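Good morning, and thank you for joining. Please have the model open on your screens while I speak.

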Amino acid sequence: MKSIKIFAPATVANLSCGFDVLGCCLDNVGDEMVITLVSEPGVKITKIDGADLPKETHKNVAGVAVEALLEIYGKNVGVHIEIYKKIKAGSGIGSSAASSAGAVWAVNHLLDQPFTANELVKFAMEGEKLASGNAHADNVAPALLGGFTLVRSYNPLDVIKLHTPKDLTMTVIHPQIEVKTSDSRSVIKHDVSLKQAIQQWGNVGGLIAGLFTEDYSLIGRSLEDVIIEPLRSILIPEFKAVKEAALSKGALGCGISGSGPSIFALSKGKETANLVAEAIREVYSKTGLDFDIHVSKINSQGVKIIT
Ligand code: HSE
């Protein structure tokens with residue numbers, strides 16, 4: 001029996017302008033999983049701690065993702081999966097993606113890496129499809145590759161790892177209300193105007209250029225979403241006040257994390273990120289809602305072994 005314990009990171013998808021294509025990986029927020037290869041073929045979820053999630057393999061995102069990997073691997077393999085959830089479901093920081101990405105990464109590692117990290121994205125996407133009805137890759141890609149990632153194309157799948165400027169620091173507030181990705185996707189309009197599209201792809205290009213040239217001001221200017229945020233932000237209490245507070249303390253930009261309700265703010269340096277966290281805390285303390293706040297570096301490695 002071969003076994004490993006891994007850290008399966010939380011991720012922030014979309015990054016304002018890049019709906020379904022951009023995402024980045026967090027460093028100190030995530031789940032733990034223990035993955036074991038066993039002699040009896042088949043995939044079993046043997047333990048789930050910290051969340052009320054289905055244990056049946058075909059209903060569990062980690063189970064489905066690993067089955068997708070083994071189907072292509074083509075040999076009879078037995079896998080036991082223990083999941084220690086710390087990221088809450090429906091939080092908007094890639095809870096399902098952490099489980100799918102973590103599981104396929106660990107199985108691939110235990111099988112001596114028959115697949116590249118890019119190839120693993122496709123298998124992990126099967127978990128996302130089960131969780132939200134849509135096989136998006138903008139959470140699983142940064143969880144698997146680390147840092148910032150771009151899904152240049154879904155068909156064929158083309159995922160690119162971007163550069164991470166070292167001072168970028170993320171502040172995330174997670175209001176303790178659940179917003180299902182499927183609900184949050186249902187409020188989006190499917191048609192966009194050419195005017196909106198021009199603004200949005202200008203920002204996507206600007207953000208990517210800003211990351212590669214470490215131009216923090218350009219990164220900040222590009223963290224703008226004229227298509228999705230105006231529709232989804234109404235689902236998030238005090239979104240506007242949080243954004244104003246974050247920007248007033250020097251955040252480069254602020255927007256909805258994935259499908260919400262979490263809100264992210266990117267800052268240059270930990271000091272500013274902490275000031276932003278305090279300002280956001282002040283706004284949310286008045287709402288009477290429970291919330292968590294995380295300040296995290298960008299994790300340029302992705303999933304990692306912890307024992
Ligand atoms: N891009 C997806 C969405 C991410 O915004 O619906 C879900 O976490």
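Phe115 counts as buried, because its relative accessibility is 12%, under the 20% limit for that class. Please keep in mind that this is a predicted model. Phe123 has a relative accessibility of 8%, and therefore it also counts as buried.

What do the rings of Phe115 and Phe123 form? They form an aromatic pair of the edge-to-face kind. Their centres are 4.9 Å apart, and the angle between the planes is 75°. The angle of 75° is over 60 degrees, which is why the term edge-to-face applies.

How many aromatic pairs does the count give? The count is two. Besides the pair of Phe115 and Phe123, there is the pair of Tyr284 and Phe291, also edge-to-face. Here the distance is 5.7 Å from centre to centre, with 65° between the planes. Tyr284 has a relative accessible area of 0%, so Tyr284 is buried.

I turn now to the ligand.

In Asp138, a side-chain N or O atom is 2.6 Å from a nitrogen atom of the ligand. Arg185 places a polar side-chain atom 2.7 Å from a ligand oxygen atom. For Asn139, the distance between an N or O atom of the side chain and an oxygen atom of the ligand is 3.0 Å. How much of the ligand's accessible area does the protein cover? On its own the ligand has 260 Å² of accessible area, and the protein covers 97% of it.

Thank you; I welcome your comments.

How values were computed. Residues numbered from 1 in each chain as written. Predicted model: local features only at pLDDT ≥ 70, side-chain atom pairs only at ≥ 80, totals over all residues. Heavy atoms only, no water. Polar contact = N/O pair within 3.5 Å; in protein donor to acceptor, adjacent residues only side chain to side chain. Areas by Shrake-Rupley, 256 points an atom, 1.4 Å probe, with all protein chains shown as cover. Phe/Tyr/Trp six-rings, centres within 6.5 Å; stacked < 30°, edge-to-face > 60°. Buried < 20%, exposed > 50% of the residue type's maximum accessible area, 1.4 Å probe, protein only.
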